[in-house]
Amino acid sequence: MARVRQRARGAMAPVACVQAVQAAATLPYKQGMQRERELMDTLFQSAQARAMQYCFFSQRAAGKWSMPSGASWENSKPRPVHRAAVVGLGTMGRGIAVSLVRAGIPVVAVEMDAKQLEVARQAVTAILKRGVQKAGQEPPLELLRFSVDLRDVREADLIIEAVFEDMGLKERVFKELSSVCQPDALLCTNTSGLDVDRLAAATRRPELVVGMHFFAPAHVMKLLEVIYGPRSSPAAVATAMQLGKRLGKVSVAVGNCPGFVGNRMLKPYMEQAGFLLEEGATPEQVDRALEEFGFPMGAFRMSDLAGLDVGWRGRKGLGLTGPGVTAGELPLKRRGRRYSPLADLLCEQGRFGQKTGRGWYLYDGPGGRAAKPDPWVLRFLEEYRSRHGLQARPVSQQEALERCLYSLINEGFRILEDGIAAGPQDIDAIYVFGYGWPAHRGGPMFHAAAVGLSVILERLEHYHRAHLDIPQLQPSPLLRRLVASGSPPLQKWREVIRSVRSQL
Ligand SMILES: CCCCCCC/C=C/C(=O)SCCNC(=O)CCNC(=O)[C@H](O)C(C)(C)COP(=O)(O)OP(=O)(O)OC[C@H]1O[C@@H](n2cnc3c(N)ncnc32)[C@H](O)[C@@H]1OP(=O)(O)O
């Protein structure tokens, strides 16, 4: 823009032309701001109204879980949160603690390992001090207390567990929490996709358990996915949503399924990115395609930021990787479908991304942020391809973009049909505020409508024909029905979803 303005001042610059260039350059920004406002207007109703609306919607549309017994407007009021606790101070726990104290909520931050606690204390203090330098206020350090004793959560009326993504560990922590916390304290889990209902079952108060899924970096990203477990009370959901609002985040209530909404859609996207590497692309090429589309970070840089170990633990939990898993399987297949073990192989090398200084890229040591292409990764990919007899081919930017984005969008349609998201706007908000989907492109479902549903359908069919072993590329039934019913605008999709359901 500065260069455009400079040229505009030059005597030779045709003013109308410069104005057109300027308008074109500011258009995405303006469109992005407008879309963000639109999405916020949809979601910034009262937390109570939203929780109730979701409750009714899920009962009607999904037919998967029933209305919690006795739910009413009166008993779905959010409860005030005076004091919170965060348990587990890894990357996510630290960011969550920062968000809470910045909102003026006293926090006890618990980490069982004394050494880890010290590292976390320094990291959290550094973020808070940096924030103060930017905003010119005092760091709210007096609101924060660190502890190695889980019993210190007893004063909190809301507890956010943020330990490793391991179901067994989380179940143990929930069991212990429910025996030491106040009887009516809300128990929240920050999980990227584990079963909230199973965690609720580990406690004596399943109605007070909800998922609160934050996004990395947790003190920066504006999204909070609130997971409505089958047994969560509307008041618990409303409290979590209200808290999100207080933290300055956009809260979106979603249903309980592996990956919820955001990571369930991220899975096929990341899988396509991995397959493209097997077929000949490099992480930089795939990331460039996505970044030119408008993402602040491509799939691999984003994965390095979030931590490769998060998905790895999840896949181990699902039995997709780990010792002995490949026995009896064809190479590069798991459960009869194409599977790329590349990310698992990196994790086995201790390459977890930014936190270990190495992942898909190389960083200036653990915690570094500037991603540099790593010759080791290129060699590793070449060796991998030759070991499996894979012939590298040129992958076009268009193919990289379409396979990643359209498989993600395709999963969005499945989510709508399953009643896991209340509507396409909820999905768009999740992607714009949680994953840096370029706001001027509206969000994945808005983008699908803008590109044309019939185009998305045709491209998915094209890629599925070429990769019959990737079922995620098979167009979802809802996408087909929407196209068959004349590709109605986004606001009318629910009618099609409803009519689809009523036929079942
Ligand atoms: C496959 C199945 C599931 C697998 C499980 C996967 C689980 C994934 C969970 C996730 O959370 S996915 C990650 C979602 N997050 C994103 O997609 C982030 C996308 N990136 C962005 O939005 C931006 O790049 C950014 C990180 C917000 C940075 O924006 P910008 O470049 O404008 O930054 P600044 O203004 O310089 O900084 C703002 C703020 O962010 C901190 N920051 C910047 N870069 C990084 C980084 N690489 N790592 C960590 N933090 C970063 C920076 O320090 C600033 O914070 P403060 O200084 O204000 O504290």
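Start by selecting strand β4 (residues 158-161) and strand β5 (residues 186-189): the two run parallel and are joined by four bridges. Strands here are DSSP runs of E with at least two residues, helices are runs of H or I with at least four, and both are numbered from the N terminus. At this pair, Leu 158 stands opposite Leu 186 in β5.

The model is a predicted one, in which local features need pLDDT of at least 70, side-chain atom pairs count only at pLDDT 80 or more, and totals for chains, interfaces and linings use all residues. Residues are numbered from 1 along each chain as its sequence is written.

**The sheet.** Now select the eight strands of the open sheet, in the order β3-β2-β1-β4-β5-β6-β7-β8, with mixed pairing. Two strands pair if DSSP finds at least two bridges between them. At the edges stand β3 (144-147) and β8 (250-255), each with a single partner strand, so one side of each has no neighbour in the sheet. On average, neighbouring strands of this sheet are turned by 25° against each other, direction ignored.

**The ligand.** Next, show the ligand and the 28 residues that surround it; the closest are Ala 216, Pro 296, Ala 306, Gly 311 and Gly 436. A residue counts as near if its C-beta atom, placed from the backbone, lies within 6 Å. Two or more residues of the shell come from each of α5 (114-135), α9 (262-279), α11 (299-306) and α12 (308-317). Of the elements, α9 gives the most, with four residues. The shell divides into 15 nonpolar, 10 polar and three charged residues. Nonpolar means Ala, Val, Leu, Ile, Met, Phe, Trp, Tyr, Cys and Pro, charged means Asp, Glu, Lys and Arg, and the others, Gly among them, are polar.

**The helices.** Move to α17 (residues 444-451) and α18, whose axes come within 5 Å and cross at roughly 95°. Axes are lines fitted to C-alpha atoms, for helices over the stretch in contact, and angles run from 0 to 180 degrees between N-to-C directions. The two helices are therefore roughly perpendicular (65 to 115 degrees; under 35 is roughly parallel, over 145 roughly antiparallel, the rest oblique). Select Ala 448, Ala 449 and Val 451 of α17 with Leu 453, Val 455 and Ile 456 of α18 to see the contact (C-beta atoms, placed from the backbone, within 7 Å). Its residues are six nonpolar, no polar and no charged.

Leu 453, Ser 454, Ile 456 and Leu 457 in α18 meet Leu 479, Arg 480, Leu 482 and Val 483 in α19.

Technical notes. Contact = placed C-beta atoms within 7 Å.
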